[in-house]
Amino acid sequence: MTTTHEWAVAVDHAHLEAIRCDPQRYAPGGALHLVLEVMAYADEEAAACGRRGTCVVTRHADGSVSVVDDGRGTDTRQQRDGAPIRKPVMATRDVRFFDGAHDVLLPDGHPRRGISVVAALSTWLMHTNRRTNGAWTQRYEHGIPTSGLVPVEPTGETGTAVRFSVDPRLSVDDLTGRLRALPGFGWLTTTLESQ
């Protein structure tokens with residue numbers, strides 16, 4: 001049963017193109033909304049583990065942004081041939097937010113659409129995923145995977161790191177201040193840093 005994403009579809013090109021064609025609809029407020037989309041997944045992962053999560057949002061010197069959480073990591077399974085396959089959260093629509101009306105709003109007051117919005121509206125994105133059964137990273141450009149799942153050295157910890165370069169059409173102005181200023185932002189413990 002599909003609850004969030006169709007596992008059988010690795011990349012939904014039409015979905016990603018629709019997002020890229022209308023960035024103001026899918027990312028009102030620019031980079032702030034993209035960060036909140038990533039953090040919403042971190043919040044869900046922590047809640048699924050019955051605890052409050054922690055994530056670190058970093059604005060890097062190259063202008064990219066990363067969100068690193070301490071959740072259980074994106075669902076990754078073994079195919080029949082033993083190769084890992086990760087739930088296609090970056091390159092397909094989240095059916096909860098695209099298949100019908102919903103009233104899930106992010107702290108910026110705009111509708112949640114899912115993390116595929118972040119991938120589609122990033123010139124590049126790296127998704128590093130640490131699970132109890134392994135760790136992998138994958139690169140995307142405008143939402144399209146440009147690499148397979150590449151194994152990385154396990155650290156003994158679980159969680160997800162999403163680092164992305166925001167589409168130049170979107171605002172990244174005062175991201176740190178705007179994030180800190182959101183009302184009722186106690187739903188996830190957050191640290192903001194600059195590198």
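This is a predicted model: local features need pLDDT of at least 70, side-chain atom pairs count only at pLDDT 80 or more; totals for chains, interfaces and linings use all residues.

Me: How many residues has the largest nonpolar core, and which have the most contacts inside it?

Reply: A nonpolar core is a set of buried Ala, Val, Leu, Ile, Met, Phe, Trp, Tyr and Cys residues joined through side-chain atoms within 4.5 Å. Buried means under 20% relative accessible area, exposed over 50%, and partly exposed in between (1.4 Å probe, protein chains only). Here the largest core has 36 residues, and Leu34, Val35 and Phe164 have the most contacts inside it. The elements giving two or more residues to this core include α3, β1 (54-59), β2 (65-69) and β9. Helices (H or I, at least four residues) and strands (E, at least two) are DSSP runs, numbered from the N terminus. The largest share of the core, nine residues, comes from α3.

Me: Which strands does β5 pair with?

Reply: Two strands pair if DSSP finds at least two bridges between them. Strand β5 (residues 122-131) runs antiparallel to strand β9 (residues 159-166), and eight bridges join them. In this pairing Trp124 stands opposite Ser165. β5 also pairs in the antiparallel sense with strand β6 (residues 134-141), over seven bridges. There, Asn129 has Trp136 as its bridge partner. The hairpin from β5 to β6 passes through two residues.

Me: How much space lies in the largest pocket, and which residues are closest to its centre?

Reply: On a 1 Å grid over the protein atoms alone, a pocket is an open set of points where a 1.4 Å probe fits, with protein on both sides within 12 Å along at least five of seven lines; lining residues have an atom within 4 Å of a point. Grid points are joined across faces, edges and corners, and a volume is the space filled by probe spheres set on the points. The largest pocket holds about 310 Å³. Its lining has 21 residues, and Tyr41, Glu45, Gly73, Thr74 and Val89 are the closest to its centre. α3 (31-48) gives the largest share of this lining, six residues.

Me: How do the residues of that lining divide by class?

Reply: Ala, Val, Leu, Ile, Met, Phe, Trp, Tyr, Cys and Pro count as nonpolar, Asp, Glu, Lys and Arg as charged, and the others, Gly among them, as polar. The lining of the largest pocket divides into eight nonpolar, five polar and eight charged residues. By contrast, the second largest pocket, of about 220 Å³, is lined by 11 nonpolar, one polar and two charged residues.

Me: Is Pro154 buried or exposed?

Reply: Pro154 has a relative accessible area of 52%, and is therefore exposed. This residue lies in the loop between β8 (150-151) and β9. Pro154 touches Arg130 and Ala135, again not counting residues up to four places away in sequence.

Key. Residues are numbered from 1 along each chain as its sequence is written. Side-chain values use heavy atoms; hydrogens and water are left out. Contact means heavy atoms within 4.5 Å.
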